[in-house]
Amino acid sequence: MAEPLLVNPDRQFIQDVLRNGAEDVKKCYQCATCTSACPLSTEEYGFPRKQMLLAQWGLKDQLLEDPSPWLCFYCGDCSKRCPRKANPGETMMALRRYLTSQYDWTGLSRLMYRSAFWELGILAVVAGVIVALFTLPHNFGFGLLDRSGPAALSTVMLDRFAPVGIVDWGDKILALLLGFLLLSNAARMFLKLTRGRNIPAHLYINEFHRLVVQGLTQKRWNACASNETVKNWLRHVFLVSGYATMFILVVLFLPWFQVENSSIHWTSFLGYYATAVLLATTAWILFDRIRKNTEMHRFSHFSDWLFPILLFLAAFTGILLHILRVLNQPMPTYVIYVVHLAIVVPMLVVEVPFGKWGHLLYRPLAIYVAAVRSKARELAAQTEGVAVASEAVASS
Amino acid sequence: MYEPATTRADKPILVIGGGITGMTAALEAAEAGCRVVLIEKSPYLGGRTASFHLYFPKLCPPVCGLEINLQRIKRNPRIQILTLAELERLEGLPGNYQATVKVSPRYVTEACTACNACAEVCPSKRADDFNAGFSKTKAVYLPFKWAFPLRYVIDRAACANGCRACVEACKYEAVNLGQQPERKTFSVAAAVVATGWEPYDASRIDNLGFGKYPNIVTNVTLERLAAPDGPTQGKIVRPSDGQPPKQIVFVQCAGSRDENHLPYCSSVCCAASFKQASYLRAQNPKAEITIFYIDIRMPGRLEEFYSKVVKEAGIRLIKGKVGRIEGEPCTDDLLITAEEILAGKKIIARAGLVVLATGIVPQTRGLPPGFAVDEFGFISGSEGDFYIAGCVKRPQDVAASVRDGTGAALGALQSVVRSVQSG
């Protein structure tokens with residue numbers, strides 16, 4: 001029997017998780033059908049029954065030290081089998097939303113997950129800043145265009161509107177800032193998952209490949225047994241390849257990507273690939289969320305809609321911008337350029353450090369730490385075994 | 001004042017269902033002096049109780065209790081029994097109902113002495129539904145050894161074309177293949193509905209593998225495997241190889257308390273599994289038995305039984321519902337996935353035999369419309385002189401069904417009194 005446990009419920013945690021999609025969690029009667037039905041849960045990391053209990057009882061501290069919510073890829077078998085229709089799959093999703101808001105130290109994520117108005121408000125403010133950047137200064141955007149004379153109004157001359165050097169600096173600064181925020185949140189997560197555990201340093205190195213491989217391939221998803229798994233996993237891998245391509249093009253190769261004339265450049269082909277993939281996968285995902293035909297898509301939190309919608313709009317305005325430039329439509333090109341950035345920048349600012357996109361780091365990190373913790377436990381058990389054995393030898 | 005029916009021509013009570021509940025209601029009413037028409041759709045009385053090996057918690061065979069009831073029924077001239085009979089219509093006003101009953105042909109008349117000469121010559125076989133299909137009978141058969149009425153019955157669907165072997169073999173001229181369905185009407189004062197239950201179809205719980213692997217049986221079929229008059233003469237063996245299982249796993253709430261299946265607790269399965277674990281151990285003291293459960297629900301007098309069985313060696317209780325059962329490759333064994341909640345560990349147990357504790361589904365087919373049904377399909381009540389008793393009303397054990405039958409008989413008797421007073 002377990003030690004007596006003093007339960008100190010965090011009621012705000014319960015409220016937040018209920019609001020984040022776990023509204024059926026209190027129907028759970030702890031029968032553990034979910035954990036036994038789950039193809040990913042193991043003896044060591046058994047879920048989602050335990051996490052249902054954490055959410056029901058408000059055991060926030062235990063949750064923060066538990067990598068399990070990120071080890072789940074939401075095949076939905078648990079919800080399908082749940083005899084109480086308590087939706088353990090969606091509860092795990094709600095816990096991931098909650099954890100994302102907890103890792104963030106600025107508090108903005110919490111506000112956004114609690115209220116769609118905050119999320120839309122922040123998006124609008126950032127979009128406003130972008131529009132202002134293109135309309136207020138006299139030496140950038142429409143101000144620069146006014147001073148560049150009529151040539152830039154008859155032919156597309158992006159350099160007379162948004163000089164690539166300035167934009168390039170802008171996106172590098174943005175990438176560093178958002179990267180810093182995301183990494184600092186991930187560091188908080190990492191500390192919560194590892195603090196107070198006796199983990200030898202070499203294990204962090206031995207297991208590091210998991211972080212990279214899982215981050216790039218999301219391979220673990222395939223261990224889900226559901227029929228939808230392969231489809232969802234492949235779609236996700238393509239989606240990742242699309243935005244990774246776009247990210248590299250924009251952050252590292254902007255001087256080659258944002259070109260002046262109406263010619264097709266080598267970067268165009270990579271851009272076409274990324275755009276096609278992003279448009280197709282986000283539209284498909286939205287379609288599935290509307291049809292609610294799989295467990296994974298039956299319930300959609302506000303954040304689940306916002307992310308694919310913004311990504312779709314970003315890709316759509318991006319390709320529109322490209323078409324207008326190739327067709328040599330100066331004013332429409334400039335306007336769509338601003339619109340494109342007024343979607344992309346707020347999307348990144350909100351999603352990367354504070355929103356759903358964070359899972360691109362949190363998930364592989366959790367898989368990595370879970371493996372490290374397992375190995376540490378194995379090692380400890382071995383040394384204990386050796387100690388017991390040598391004691392036995394000594395006493396004999 | 002009411003006087004015994006033997007001296008008056010008042011209307012009988014119709015009892016629908018000849019299981020333990022209906023038999024009890026019929027007897028109580030008849031012994032109080034009222035006439036009773038008891039109809040039963042199968043060829044014998046006793047219902048599901050007749051197929052059980054042992055009762056819980058006393059672990060005694062139902063045969064003896066049923067036998068006493070059958071003796072009382074045989075002695076009582078006021079009970080008219082119709083087997084192979086189904087209710088077609090029940091119409092009328094309180095105190096005065098017309099019941100139309102369809103009686104299917106038995107093809108064997110009352111001249112039958114159960115000598116078995118017919119079955120000896122019968123060339124055709126049928127799956128024995130009384131033994132859950134684990135054995136076969138001839139097309140002409142006695143439902144089971146001590147069936148009442150003690151008369152053979154012919155399953156015409158199983159007969160060979162044009163075969164008359166049984167007719168020729170019967171020296172009492174009891175076989176009549178020309179029998180036709182009959183329709184009988186009765187004027188009755190009240191009706192007792194005791195149509196009973198059926199086990200939940202375990203093959204619908206697709207994650208538990210029933211129907212896919214031979215060594216997964218239900219609690220209801222285990223009763224037949226354990227019964228001395230069952231297909232294995234009471235030797236509990238694995239269907240795959242006929243060997244006694246060493247490790248047996250019971251899966252509680254197989255369908256019950258599950259909104260995908262039966263949202264309610266079937267109330268008897270915990271005690272039934274404890275009973276079965278207990279007689280499995282008695283038969284094979286080395287058997288290792290594991291019972292996976294959500295909660296053990298054995299209140300009242302059953303708690304003592306619970307305490308007794310829990311103390312038995314070799315019976316292990318694990319809190320955690322089974323989510324998956326798969327066959328072990330290359331063997332007939334089964335791998336049972338569950339989470340041992342109290343240890344917080346996901347485990348895979350192995351078993352040679354898995355018993356699914358399937359639940360109780362109310363049996364309401366063939367009843368005329370007009371009965372109120374609750375959210376789960378149990379009959380909750382009706383307008384008029386209809387009294388509901390037994391498992392068609394709620395899941396309950398034999399003892400409770402018997403009490404229920406007695407209560408229903410009292411209500412029906414009062415209806416008869418009212419009909420006499422007003423008419």
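How many residues lie between β17(B) and β18(B) in their hairpin, and which residue in the turn has a positive phi? Six residues stand between the two strands, and B:C330 in the turn has a positive phi of about 70°. The structure is a predicted model, in which local features need pLDDT of at least 70, side-chain atom pairs count only at pLDDT 80 or more, and totals for chains, interfaces and linings use all residues. Residues are numbered from 1 along each chain as its sequence is written, while chains are lettered from A and ligands numbered from 1 in the order in which they are written.

Helices (H or I, at least four residues) and strands (E, at least two) are DSSP runs, numbered from the N terminus. Two strands are said to pair if DSSP finds at least two bridges between them. Strand β17 (residues 324-327) of chain B pairs with β18(B) in the antiparallel sense over four bridges. Within this pairing, B:E326 has B:L335 in β18(B) as its bridge partner. The hairpin of β18(B) and β19(B) has four residues between the strands, and B:G344 takes a positive phi near 65°.

Together the strands form an open sheet of three, in the order β17-β18-β19 (chain B), with antiparallel pairing. Because β17 and β19 of chain B stand at the edges, each with a single partner strand, one side of each is left without a neighbour in the sheet. On average, neighbouring strands of this sheet are turned by 25° against each other, direction ignored. Axes are lines fitted to C-alpha atoms, for helices over the stretch in contact, and angles run from 0 to 180 degrees between N-to-C directions. Strand β18 (residues 334-340) of chain B is mostly covered, with five of its seven residues buried. A residue is buried if 20 or more other C-beta atoms lie within 10 Å of its own, exposed if 12 or fewer, and partly exposed in between, with C-beta atoms placed from the backbone.

Chain A has 21 helices and zero strands. Its C-alpha atoms fill a box of roughly 95 × 50 × 35 Å, taken along the principal axes. Of the 396 residues in chain A, 40% are buried. Two residues are in contact if their C-beta atoms, placed from the backbone, lie within 7 Å. Among contacts in chain A between residues at least 6 apart in sequence, 73% join residues at least 24 apart.

One helix pair in chain A is formed by α17 (residues 266-291) and α19 (residues 302-326), whose axes come within 9 Å and cross at roughly 145°. The crossing of α17(A) and α19(A) is left-handed; a crossing is left-handed if the near helix is turned anticlockwise from the far one by less than a right angle, and right-handed if clockwise. Residues of α17(A) in the contact include A:L278, A:L279 and A:L286, and those of α19(A) include A:W305, A:F312 and A:F316. By class, this contact has 13 nonpolar, five polar and two charged residues. Ala, Val, Leu, Ile, Met, Phe, Trp, Tyr, Cys and Pro count as nonpolar, Asp, Glu, Lys and Arg as charged, and the others, Gly among them, as polar.

Domain bounds come from an automatic or database domain assignment. For chain A the assignment gives domain 1 (11-103) and domain 2 (108-375). The C-alpha centres of these domains of chain A lie 28 Å apart. Their contact takes 27 residues from domain 1 of chain A and 32 residues from domain 2 of chain A. On the domain 1 side, α7(A) supplies the largest share, seven residues. The residues of that side divide into eleven nonpolar, seven polar and nine charged.

For chain B the assignment gives domain 1 (5-104 + 181-196 + 363-422), domain 2 (117-169) and domain 3 (200-360). The centres of domain 1 and domain 3 of chain B, taken over C-alpha atoms, are separated by 33 Å. Twelve residues from domain 1 of chain B and 20 residues from domain 3 of chain B take part in the contact.

Between the chains, the contact takes 18 residues from chain A and 18 residues from chain B. On the chain A side, α2 (33-37) and α3 (49-57) are the elements that give two or more residues. The most comes from α2(A), with four residues. By class, the side of chain A that touches chain B has five nonpolar, seven polar and six charged residues.
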